[in-house]
Amino acid sequence: VEAGIARVVVGSRDPNPLVHGKGNAFLRQHGIEVTEDFLKDECDKLNPIFFHYISTKRPFVALKYAMTLDGKIATKTGASRWITNEESRNFVHVLRNRYSAILVGIGTVLADDPMLDCRLENEKGERYGRNPIRIICDSDLKIPHLCKIVKTAGEIKTIVACLNRERTSLEAEIFAEKKAALEKAGCEIVCMDADSSDEYLKSHVNLSELMKILGEKGIDSILIEGGSEIHYSALKYGIVNKIYAFVAPKLFGGNAKSPVGGEGV
């Protein structure tokens, strides 16, 4: 208004009901012509995380994996380094810097002992970027206390999601001790009820409920970097908004794991 601008062209509208339309109304009240919804779809696609989170109150979820030409994510022995190349791996760290959190299953932690941090470097070899919040789906708190994630939980925010379910008195005692030790190490423990609607899902963390909980914590986006089982669960629950699939010109053959487990449908 002070600059004397005569016309404003708007692509996206703010989905936040607290501010929706107020800016445009203010401009019109001061005699400025406002054209709304110009290339709206194209503009909305520039910021999918914000629009999804504001409208659903749940994180925007992306699933990432690397596979061979015959759709394998590891050899029969479980070896998976390296399927793709350095350029692909660098882009993964760009994604980790972009998304608020990274999510894996306990199987990935036990197999790889990953750090799940962001390791972007500039031309001088200096680290930059931000580490995502680390989320581990671990129904029975099997995560080792000496793994890299637990040992650095005091430095990088870490959430471990587990299940409330029937346990013997001894199992319950062990579970409580594990929970206390993880919390002392700096992990935040989120316990939830099992999903009894499906034989497979009832033994795994309810990802739909977890997304609701994480959304309430202000986490607007999640990058899933797990194995075939956590990928299947995420797709089964219908929480995946986007997939980053890296395809390498290699062949493994045999019965090695594919990116998505489950029933085959």
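Which residues make a nonpolar surface patch of about 280 Å²? They are Val-9, Phe-38 and Leu-39. Leu-39 sits in the loop between β2 and α2 (40-44), and with a relative accessibility of 47% it counts as partly exposed.

Before going further, a word on confidence. What you have here is a predicted model. The chain has a mean pLDDT of 91, and 99% of its residues reach 70 or more. Taken element by element, strand β6 (residues 127-128) comes out lowest with a mean of 82, while β10 is the highest at 98.

**Salt bridges**

The count of salt bridges comes to 13.

| Pair | N to O distance | Separation in sequence |
|---|---|---|
| Glu-33 and Arg-7 | 3.6 Å | 26 residues |
| Arg-96 and Glu-225 | 2.8 Å | 129 residues |

Take the pair of Glu-33 and Arg-7, whose side chains meet in a salt bridge. Glu-33 belongs to strand β2 (residues 33-35) and Arg-7 to strand β1 (residues 7-9), so the bridge ties together parts that are 26 residues apart in sequence. Glu-33 is partly exposed, at 46% relative accessible area, and Arg-7 is partly exposed too, at 48%.

Arg-96 and Glu-225 also join their side chains in a salt bridge. Arg-96 is part of helix α4 (residues 86-98) and Glu-225 is in the loop between β10 (221-224) and α9 (228-237), so this pair ties together parts 129 residues apart in sequence. Are the two partners buried or exposed? Arg-96 counts as buried at 9% relative accessibility, and Glu-225 is buried as well, with 12%.

Asp-140 counts as partly exposed, with a relative accessibility of 24%.

Salt bridges can also join up into a network, as they do for Arg-13, Arg-28, Glu-36 and Asp-37.

**Nonpolar cores**

Now for the inside. The largest nonpolar core has 30 residues, and the members that touch the most others are Leu-103, Ile-135, Leu-207, Leu-210 and Ile-222. Two or more residues each come from β3 (60-68), β4 (101-105), β7, β8, β9 (188-193), α8 (207-216), β10 and α9. Helix α8 gives the most, with 5 residues.

What is Ile-135 in contact with, leaving aside its neighbours within four places in sequence? The list runs Ala-101, Ile-102, Leu-103, Val-104, Ile-159, Leu-210, Leu-214 and Ile-222. Two of these names, Ile-102 and Val-104, turn up again in a second, separate core of 18 residues, which also includes Cys-147 and Phe-175.

**One more pair**

Finally, have a look at Ala-176, which is in helix α7. Ala-176 is partly exposed, with a relative accessible area of 44%. How far apart in space are Ala-176 and Leu-141, C-alpha to C-alpha? The distance is 9.6 Å, for two residues that are 35 residues apart in sequence.

Note on methods: Residues are numbered from 1 along each chain as its sequence is written. This is a predicted model: local features need pLDDT of at least 70, side-chain atom pairs count only at pLDDT 80 or more; totals for chains, interfaces and linings use all residues. Side-chain values use heavy atoms; hydrogens and water are left out. A salt bridge is a side-chain nitrogen of Lys or Arg within 4 Å of a carboxyl oxygen of Asp or Glu. Helices (H or I, at least four residues) and strands (E, at least two) are DSSP runs, numbered from the N terminus. Buried means under 20% relative accessible area, exposed over 50%, partly exposed in between (1.4 Å probe, protein chains only). A nonpolar core is a set of buried Ala, Val, Leu, Ile, Met, Phe, Trp, Tyr and Cys residues joined through side-chain atoms within 4.5 Å. Contact means heavy atoms within 4.5 Å. Patches are made of residues with over 30% relative accessible area and no salt bridge: like charges are joined within 9 Å, nonpolar side chains (Val, Leu, Ile, Met, Phe, Trp, Tyr) within 5 Å. Accessible areas come from the Shrake-Rupley method with a 1.4 Å probe; for residues, only the protein chains shown count as cover. pLDDT is the predictor's confidence in each residue, from 0 to 100.
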